[in-house]
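The structure I consulted is shown first.

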Amino acid sequence: MGKIVIAIDGYSGCGKSSTAKAVAKELGYTYIDTGAMYRAATLHFLNQYVTLTNPQEVEKALQNLEISFHLNPDTGVQETYLNGLNVEEQIRKMKISSRVSDVAAIKAVRKKLVAQQQQLGKKKGVVMDGRDVGSVVFPGAELKVFMTADLDTRAGRRQAELLQKGEMIPLEEIKANLSSRDKIDSSREVGPLKKMDDALEVDTSNVTFVEQVAKIVEKAKEII
Ligand code: C5P
């Protein structure tokens, strides 16, 4: 079987990560969560008290930013590390979700992370999810997917996810966060979120998880 790049982009909270993970597992591919990288960068900036509007401070913080992924041998789940420390749990908190889009809109941040993402995917056999994977990171990806779902569905799923991790957040707050991130992500100057003409659109509002994964795997197998 050949190896391709599968780029999965879309709005916040429509199930990209879990779908991408399942697609990667089915195909024996590596899953790369680019959102986790922007989240880890945000945590780093918060830890360093970086003023986002100060290019010198941003540049300095970027020089000490090292993000990596490691498989947890007990759970088989890939986890995110920031400068050698496991930050997987921390980066999923609302505190990070509410700041990440502002950090992700900074040109220098995107330049550094996009370069690392291109490096991680250069041998192909990867499923990468994010906002600009099919447009900027791998514009030549053999399969591009654009995922959507209505806001109520997305917010409900995200609330359940956070609750499972012990964070009880009101639905309205989650909705406001998802809408605000979509707005910032879609309107920024560098790497804005947009559906590419050659992307397969998958609306997950009314399909089961198994169905959405199967649709993408089937399409990938046609190409491979
Ligand atoms: O995918 P996730 O929701 O974890 O991403 C968190 C945030 O990271 C997004 O709202 C967006 O601001 C940013 N992001 C991005 N480009 C990507 C992936 C994520 O700007 N490729």
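Where is the place of Gly13? I found Gly13 in the loop between β1 and α1, helices (H or I, at least four residues) and strands (E, at least two) being DSSP runs numbered from the N terminus.

I noted that this is a predicted model, in which local features need pLDDT of at least 70 and side-chain atom pairs count only at pLDDT 80 or more, while totals for chains, interfaces and linings use all residues. Residues are numbered from 1 along each chain as its sequence is written, and side-chain values use heavy atoms, with hydrogens and water left out.

I looked up burial next (buried: under 20% relative accessible area, exposed: over 50%, partly exposed in between; 1.4 Å probe, protein chains only). Gly13 counts as buried because its relative accessible area is 11%. Ser12 is found in the loop between β1 (5–10) and α1 (16–27), and Ser12 is buried because its relative accessibility is 0%.

I then listed contacts (heavy atoms within 4.5 Å), leaving aside neighbours within four places in sequence. Gly13 is in contact with Arg154, Arg158 and Leu178. For Ser12, the partners are Arg131, Arg154, Leu178, Arg181, Asp182 and Asp185.

I turned to the ligand, which 15 residues surround (a heavy atom within 4 Å); Arg39, Arg110, Asp132, Asp185 and Arg188 are the closest. I recorded polar contacts (pairs of N or O atoms within 3.5 Å; within protein, one must be able to donate a hydrogen and the other to accept it, and residues adjacent in sequence count only if both atoms are side-chain atoms). A polar side-chain atom of Arg181 lies 2.9 Å from a ligand oxygen atom.
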